[in-house]
Structures are given as C-alpha cells and as structure tokens.
Amino acid sequence: MESLKLLPVHPSDRGSQRCRLGPGVMSALGLGLGSPVLVSLPGGSCLCTAWPRSDLAEGFLQADLKCVSPGLLSQNPAHLTLDLGQLTAVPAHRLKSVRITVVVQNVDFKKRASPRLVHELVKEMLVGVQLHKGFVVNLEDFDTELVYVVVENIYPEGTTAGLVTSRTGVDIAGIQTVRHYRSQLQDQHREPLGGLEEVSAALREMLQLPLLYPNTLRSLGLSCPRGVLLVGPPGVGKTLLVRRVVLEVGASLVVVKGPEVVGSRPGESEETLRSVFARARSAAEDGPCVFFLDELDSLCPRRSSSSAPENRVVAQLLTLMDGMNRSDRFLIVAATNRPDSLDPALRRPGRFDREVIIGPPTSQQRKEILSVLCERMPVCPSVDLSELAQRTAGYVGADLSALCREAALHALRERSKESGEQTVGMKHFEEALKVVCPSCLRGSLGRTELSPVPWERIGGLEEIKLKLIQSIEWPMRYPEAFVRLGLSRPRGVLLYGPPGCAKTTLVKAAASSSHCAFLSVSGADLYSPYVGDSEKTLAQLFRQARACAPSILFLDEIDSLIGSRSGCQTPNSVQARLLSVLLNEMDGVGLKTVERRGTEQVLQADGGEESRTQEQLDCQEVCNKDVMVVAATNRPDCIDSALLRPGRLDHIIYVPPPDQQARLAILKACTTSMPVAADVRLDELAANTERYSGADLENLCKEAALLALLDENMEATSIKHTDFLRSFTKMSPSLTAQQIQTYLSSPR
Amino acid sequence: MSKLALSSLHQALQRSFASVDSSQKLWLGVLADCSPLMVSLGNLAEQAIALNNVQLSNTPLRDFPDLEDRLRFKLLQAIDTVLNRIHEKMSSLQSIRDTVTNQVSAVLRLYQQNAEDLDLHTVTQRSAVTPSVADMLEWLQDAERHYRQQFLKRKTLLHMLKADDLSLLEAAPKTWKSLESPSANEQITDTLCKVSFFMESR
C-alpha cells in the first residue's frame with residue numbers, strides 16, 4: 001500500500017495525461033476521477049489526472065508523461081518504486097489564460113506556418129489538458145509539426161496548475177525549433193571546467209557580442225571576428241572548452257571531425273564540407289551557432305605542389321569561409337595541436353582571425369582543474385590540492401583526470417579488501433602519481449625511470465646538497481620569497497669533480513626530492529648517422545622539457561657530449577653544432593609562440609576580469625618558467641667557456657673527494673645492509689682511506705664481504721674487521737694527489 | 001442522495017453514448033465522402049505536374065493559342081473547387097467533433113458537480129450489464145480524444161497544402177489515407193458494443 005511500482009504506460013493511455021492508480025490510493029489521497037495530481041519522480045515531476053486502473057489493482061502506478069518538468073523530457077523513468085508521499089493532489093482550477101512557447105519540428109514549418117494557424121492548432125491541442133507553470137507539454141501524440149509547448153506563465157496569478165478550457169486565452173510568446181530547445185535544456189546540467197576561464201571568456205565574448213549589440217557593431221562599421229583557431233598540445237581541453245562555451249551561450253553546435261569529411265571519391269569531401277556549411281547556416285537562422293572543426297590539421301594540411309586531393313579540400317574551405325555573409329551569424333572554431341602543419345592561407349585575418357593558444361596548465365590552473373575534478377569525489381580533507389598541483393608539473397587536463405580516476409580506483413581496491421569509509425586520501429594520489437605520467441613526456445627519449453634517492457643516502461657533502469636544494473627545490477617551494485627579492489630561478493648547474501664522488505647520485509637525489517620531471521640524456525640518445533638529426537633531437541628534448549616545466553634536464557658527462565669549440569679538431573663537427581643548439585636553447589632570444597604556457601589572452605570588451613593579482617602571476621613565472629639544466633663532468637677544462645657564463649650554467653659546484661668525516665658517513669651508508677661484526681672500527685678505516693673516492697669505499701666494503709665469504713666457505717654470518725683490513729691492503733685509491741690538485745687549481 | 005446522482009449520471013452517459021454512436025456513423029460517412037475528393041485533388045495535381053513538364057510547342061497542339069495558360073488556369077480553378085469542397089467537409093467534421101466534445105465535457109462536469117456524493121467505490125462498481133462509471137467516462141474521453149486528434153491532423157494537412165506546391169498536393173491522397181487509424185475506430189465500435197446492454201436498460 002505504501003509503495004507503488006512504476007510501470008510503463010499502457011498504449012491506449014498515451015496522450016491522455018492519465019495516471020493510473022489503485023482506487024485505495026486514490027481515496028487515501030482524496031482524489032476523484034480526473035483530479036489533477038503531481039507525481040514527483042527522480043529528475044523532475046509530472047502533472048497527471050488521477051484515474052482508477054481498469055483491473056482496480058493496488059500497488060501499481062502508470063503515468064502518462066504529457067505535462068512534465070523539463071528535466072524529465074529526455075529520460076523515461078521505469079522500474080522505480082515510489083512511495084505515497086511522492087504523489088500530491090493539486091487543487092483544480094480553470095485557467096483564464098496561459099503564456100506559452102511553442103517548439104516545432106523544423107525551421108521550415110516555423111517559416112511557413114502563419115501565426116494564426118499555429119495559434120489555432122495549439123489551442124485545440126491544449127484544451128482539456130492540465131498545465132503546470134514551467135512545465136512542458138508533450139504534443140508528439142498528435143503527430144504534427146508541433147512537438148512541445150513550454151508553459152511560461154499561467155493566469156490567474158497565484159495558481160501553479162490548472163485546466164485549459166475552450167475559454168482559456170492562449171498567448172504565444174515565441175516559436176523555437178526542437179534542436180534549439182534541446183540544446184538550451186542541456187545547458188542546465190553541465191560540468192564545470194577548471195583553469196580555462198580566460199579562454200572561455202574570450203570565446204564567449206566573441207559569440208555573444210554580435211548577438212547582444214548588433215546595432216552598436218553595425219554603427220561602428222565593425223565586422224565581428226568569425227574564426228577562432230585553438231592551438232594547444234593534446235589533452236588541454238580544446239574540444240571540451242568549445243562544447244562548454246557553446247552550452248553556456250545556448251548556441252547550437254555543428255561538429256565536423258576532419259577524417260569524417262574525407263570521402264573516397266573525387267569531389268566527395270568537398271561536397272560533404274559544403275553540406276555541413278549549409279547545415280550550420282540553417283542552424284544559425286535559429287540562434288547563435290558554432291561550427292566546430294576538430295583536428296583541423298588532418299583536414300587542411302599545407303598544400304603541396306602536386307595535385308593532391310587535400311589541396312582541393314583546403315581550397316573549398318577557404319572559399320566557403322570567404323563566402324560567409326555578414327548576416328551568417330555563426331562562428332567557426334577550429335582546434336589543432338599541430339598549427340605548423342596547417343595551410344598558411346587559413347591563418348590570415350578574415351578566415352581564422354584569432355588564434356588562441358592554450359598551453360599546458362600552470363600550477364594555479366592545475367589546482368583549479370583538480371578542484372573541479374575532485375568536487376564529485378569523496379576526497380579526504382587532508383588532501384592538499386595545491387601540493388598536488390605542484391607535484392603534477394607538465395600534466396595536462398586529461399592527465400589530471402586520469403590521475404584522479406587512478407586514485408579513486410586505488411581507494412576502491414583498498415576498500416574492497418577491508419570495509420571502511422570510502423574516501424580518497426593523499427596516499428592514493430601518490431600511488432596514482434607513480435602510474436600516470438604526463439602525456440607530453442610519453443615517448444620522450446630522455447624519460448628515465450629513477451628510483452628515488454633520499455638525501456640521507458649520500459654521506460657528507462652537506463654544502464653541495466645545500467646548494468643544490470637552493471637552486472632546485474627553493475624556487476618550487478617558496479616562489480613568493482623569490483619574487484620578493486627579485487630572484488629568478490637559476491638556469492643551470494654544473495657539477496664537476498673527480499670520478500666516483502657521487503655527482504650522478506646527487507642529481508638523482510635532487511630530482512627525487514623536488515618532484516619535477518626528470519629527463520636524462522646520454523650520447524647514445526643523441527648521436528645519429530644523419531646530418532642534423534642530433535641537433536634536432538636535442539632541440540626536441542628541450543621543447544618537451546619546457547612543455548612539462550619545471551623540469552630537470554640532466555646531461556651526464558657533458559664534456560664528451562658537447563665538447564668545446566676552442567682547440568677543436570674540426571670546426572664543424574657534430575659536437576660544435578650540438579653546442580650551438582644547447583647555447584641557444586639555454587639562453588636564446590625567446591620561445592616560440594606555440595610553446596606559451598597558460599593563456600595570456602587580453603579581453604576586448606571587458607577588462608574587469610583581471611581577478612588574479614600580479615604577485616600570483618609572478619609566482620607562477622618563477623615556478624614554471626624554465627628548464628633547469630644540470631650537467632656533470634670530471635673534465636671541466638674541456639667545456640666551452642660560453643656555456644659557463646652566468647645565465648647558462650650559473651652555479652658551478654665542485655664536488656670534492658670525501659674528507660674523513662664524509663668517508664665515515666659513506667662507510668656507514670655502505671655497511672647498513674651488511675652484517676658487520678662488533679669489532680669493526682669504521683672511524684679507523686675512514687682515517688686511513690685518504691684520497692679514496694665514494695666509489696672506492698663502496699668497493700672496499702664489497703671486497704671485504706667477498707673475502708669473508710671466501711674464508712668461511714659460504715657460511716659467513718658477519719664481516720670482521722680483519723676482512724676490511726685485508727681488502728684495504730689489496731686496494732689503492734683511484735685518485736691521486738696531483739689529480740685533486742688540478743681540480744683545485746682549475747680557474748673556474 | 002448518491003442513488004439520485006448516480007442515476008442522473010447514468011442518464012447523461014446514455015445520452016452521450018447515443019450521440020457518440022450517431023457521430024461515429026456521421027464521421028465515417030463524411031470521411032468516405034472526402035476520399036474521392038482527395039483522389040481527384042491528387043489527379044489534378046498530377047495533371048498540373050504533367051503540364052509543367054511538357055513542352056507544348058513541340059506537340060501538334062501548338063496551333064492552339066495560349067493553351068498552356070488556359071489549361072493551367074482551368075486546373076487551378078478545379079483544384080480550388082475541390083479544396084473548397086474538402087473544406088466544407090472539414091467544417092461538418094468539426095461540428096461532429098464539437099458535438100462529441102460538448103457531450104463529454106457536460107458529462108464530466110456533471111460528475112464533478114456530484115463528486116462529493118459519488119465515492120470511488122460507487123464509481124468503480126461494475127456489473128454484468130452495466131460497466132462502471134469510471135470505465136464509461138474513460139471511454140468517452142478516449143473517443144473524444146480520437147476525434148480531436150483526427151480532426152487536427154487532417155486540418156494541419158489541409159493547411160499545409162498550397163496550390164503552388166504540386167508534389168505535396170500529389171501526395172495528399174496518400175497522406176490523407178495514412179491518417180486513418182483503424183484501431184481507434186475499432187475501439188470506438190468496441191466501446192459501443194460494451195455499452196449496448198447499458199443503453200438498452202433505460
């Protein structure tokens with residue numbers, strides 16, 4: 001009795017607005033035959049007239065959705081169980097007049113039918129129907145061109161629902177087409193978009209200006225920009241942005257995906273393109289319209305001299321864009337991630353007037369994106385989004401959503417093991433960070449898997465650690481302090497010192513502590529038998545590193561990789577050319593426009609949207625500006641002097657061979673995993689190992705362990721001090737005093 | 001009190017069903033009159049299309065002066081006449097529909113006036129010879145909706161017909177025929193059968 005099962009409506013009841021109930025329920029609610037009743041369903045409610053079921057059975061409900069709230073139009077509720085509280089009797093009124101909007105099937109009818117006819121038809125269709133203010137009446141059962149009637153207002157004032165009789169006045173406020181109406185409906189449930197406010201504001205402005213102020217624009221003699229080219233790497237949300245803006249403005253969207261247009265027969269592609277343009281034009285008669293060309297580069301590549309079929313498509317698009325009248329009120333938006341491969345003729349004003357570059361998001365934007373993504377996830381309050389945003393340098397929107405999904409999956413897996421409350425915590429995000437890497441780094445040659453090395457693993461060298469932390473970690477952690485003192489992030493660090501003194505390990509530790517992208521190159525990656533290939537690879541590496549800045553680019557053994565120009569054998573060797581690339585990339589004239597970070601779009605109409613303060617922008621600059629080049633060498637004299645000037649490798653750090661304390665720390669670090677006998681005196685060893693490098697010391701410990709195994713025939717349980725002493729006598733230091741002297745006297 | 005209300009309602013229902021019965025016969029008759037008119041309309045449209053396609057100067061008929069214009073005038077006149085007659089038929093359809101609508105709304109109003117006295121048990125009570133009041137009201141509403149729908153569909157069709165859109169005119173007889181819904185007609189006949197005992201019980 002309390003719960004009612006919702007069944008599909010009987011075919012003969014379709015269009016009758018009846019709601020079939022059991023007589024018991026009807027009398028419980030005080031309903032007579034044909035009394036109006038409001039049924040609230042998930043997603044909306046519908047107004048019906050109560051009627052007993054012909055078999056008088058209780059516990060079921062069949063409602064004909066003739067007059068429903070707009071939310072229920074697209075969905076058809078079924079298999080639901082309602083309770084009695086979801087039915088409310090509505091007082092019966094007779095309406096004096098109603099004000100409605102008519103929704104028709106197509107534009108043709110809208111143009112041809114006289115208002116008198118529409119009025120007459122609508123009135124006859126509505127007689128006998130119960131209306132509710134703000135609801136939509138479905139007229140599909142009449143099988144005519146009229147599809148819906150949207151009830152804008154009903155009179156007498158104060159009533160919310162009532163019956164239309166033959167004496168009710170009907171006032172038609174407007175006529176719309178179904179497509180337009182549906183696109184408006186979708187507007188109401190949309191997903192927010194993070195971090196792209198500026199671009200979307202610019203787009204919105206371009207769409208709305210001609211609609212809001214047509215007269216002003218005409219009197220100024222302005223023609224509105226009608227073409228926008230969105231440029232950005234994959235995954236930054238170009239397509240999503242267009243869809244969102246279109247929904248916000250309430251415009252209709254005509255989408256063309258490049259490959260869909262191309263046909264196999266000659267002339268077919270052009271024809272499809274023309275027909276799509278015609279479709280956009282007819283949609284534009286109805287209201288604002290956006291014509292969206294996704295992946296434009298596949299449709300309009302650079303024209304070649306041969307008579308390729310693409311040439312004709314490009315020509316067709318050009319003529320179509322030129323042939324747009326001033327009265328065609330539609331905006332062409334195209335998106336591409338390879339702007340250089342577009343035909344240059346497309347990119348002149350008059351065709352794509354504006355180019356909007358959407359770069360990979362800055363940390364502020366990443367935070368916004370994350371907060372949007374996490375809005376619907378049960379995220380633990382301990383999750384610090386700004387820290388997460390900092391750690392996801394180089395991630396674009398798509399990567400971030402993959403990250404959140406992965407984190408949620410981790411939480412889910414954990415929960416299936418042990419039942420607990422389901423929230424996504426920071427540890428899940430950390431797990432996800434290991435799995436999801438930024439898409440701009442996928443397939444990059446310098447991408448290295450590195451096992452995190454904590455600073456503590458490196459014994460001694462406190463001063464050098466501090467310097468590295470200063471130049472790598474501080475700009476990330478304390479951007480405001482850097483801005484306050486007018487500092488910018490250092491461009492590069494050169495570590496030099498004798499071999500085996502932990503230069504590479506230091507860089508690893510720096511990379512793992514700063515959580516930024518780490519790219520490492522060796523000679524094998526760069527060299528190629530083709531002329532110019534190595535240089536291209538290096539430039540490409542820098543481009544990728546910039547795309548996911550802040551990042552660390554590590555050039556190990558830079559002396560052999562790049563070399564020096566002075567005293568070189570051949571002036572035009574590969575090394576010299578690589579050097580010139582490196583010099584340019586590190587301190588060149590500027591960046592390509594396509595590589596711009598974030599968006600710097602200045603709005604034309606409203607300048608008041610400058611919400612962010614200058615300081616925040618500056619902080620972002622410090623965080624995101626550059627690629628940090630870290631180079632390591634043990635032959636600093638072989639490096640070209642142009643590389644060593646401030647502005648390129650500004651910090652030149654000498655990594656000395658370990659002193660006694662450092663050696664003790666190294667020995668301790670090396671023997672942590674070894675079972676060392678109690679009599680071993682590491683401090684004594686440290687005192688005696690003058691001029692031993694870190695690698696030597698590690699080798700010493702290994703040797704001692706092997707000797708212990710040799711003596712006790714694979715059953716050794718501990719390493720004694722004598723083993724250490726014996727291995728010590730066998731070894732000699734790899735560094736010589738003279739070598740160290742040359743480093744110290746080195747002029748840098 | 002409720003007995004009184006019920007019997008008056010029953011009388012009204014009987015009257016309405018009687019009117020539905022006669023209306024249905026009239027309706028079908030008018031529709032039957034319409035279909036030859038529609039067919040001739042289609043014929044005329046076909047002739048007009050043929051006239052548009054033919055080059056009279058290439059035929060032996062070229063000796064007649066102004067033949068094409070005269071023929072077109074004649075055809076248009078004929079189309080006009082037929083359309084006028086169809087519109088006349090439409091107005092008789094409309095009057096039939098109005099009769100039914102009035103009857104049904106009168107019965108409903110009568111029920112609503114007496115709704116206080118007629119509880120749900122009374123209106124849903126049925127016997128071997130008398131269907132329940134709820135059922136009968138439902139049938140009446142269904143019949144009325146059917147007439148209204150049919151009339152509206154045909155009216156929209158006629159409104160969309162213009163003398164200059166010949167292809168639409170040519171297709172008109174087919175479209176007209178497709179608007180008929182035999183199932184709904186059957187349902188009305190069924191309903192009339194179901195209430196036949198009740199009708200005779202007066």
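Visitor: In what order do the 5 strands of the open sheet in chain A run, and is the pairing parallel or antiparallel?
Guide: The order is β16-β17-β18-β15-β19 in chain A, and the pairing is parallel. Strands here are DSSP E runs of at least two residues, helices are H or I runs of at least four, and both are numbered from the N terminus; two strands pair if DSSP finds at least two bridges between them. Keep in mind that this is a predicted model, where local features need pLDDT of at least 70 and side-chain atom pairs count only at pLDDT 80 or more, while totals for chains, interfaces and linings use all residues. Residues are numbered from 1 along each chain as its sequence is written, with chains lettered from A and ligands numbered from 1 in the order in which they are written.

Visitor: Which strands stand at the edges?
Guide: β16 (252-257) and β19 (354-357) of chain A; each has a single partner strand, so one side of each is left without a neighbour in the sheet.

Visitor: How many bridges join β16(A) to β17 of chain A?
Guide: There are 6, and β17 covers residues 289-294. A:V255, for instance, has A:F292 as its bridge partner in β17(A).

Visitor: And which helix packs on the sheet?
Guide: That's α9 (residues 268-284) of chain A, touching β16, β17 and β18 (330-336) of chain A. Contact means C-beta atoms, placed from the backbone, within 7 Å.

Visitor: Switching topic: how many residues does the largest nonpolar core have?
Guide: It has 72, and A:C19, A:L131, A:V137 and A:V149 have the most contacts inside it. Such a core is a set of buried Ala, Val, Leu, Ile, Met, Phe, Trp, Tyr and Cys residues joined through C-beta atoms within 7 Å. Buried means 20 or more other C-beta atoms within 10 Å of the residue's own, with C-beta atoms placed from the backbone.

Visitor: Which helix gives the most to this core?
Guide: Helix α4 (residues 133-160) of chain B, with 9 residues.

Visitor: What does A:V149 touch, leaving aside neighbours within four places in sequence?
Guide: Its contacts include A:I100, A:V122 and A:L139.

Visitor: How many residues does each chain put into the A and B contact?
Guide: Chain B gives 19 and chain A gives 20. On the chain B side, α4(B) gives the most, with 13 residues.

Visitor: What is chain B made of, helices or strands?
Guide: It has 7 helices and 0 strands. Of its 202 residues, 26% count as buried.

How values were computed: A residue is buried if 20 or more other C-beta atoms lie within 10 Å of its own, exposed if 12 or fewer, and partly exposed in between; C-beta atoms are placed from the backbone. Two residues are in contact if their C-beta atoms, placed from the backbone, lie within 7 Å. Axes are lines fitted to C-alpha atoms, for helices over the stretch in contact, and angles run from 0 to 180 degrees between N-to-C directions.
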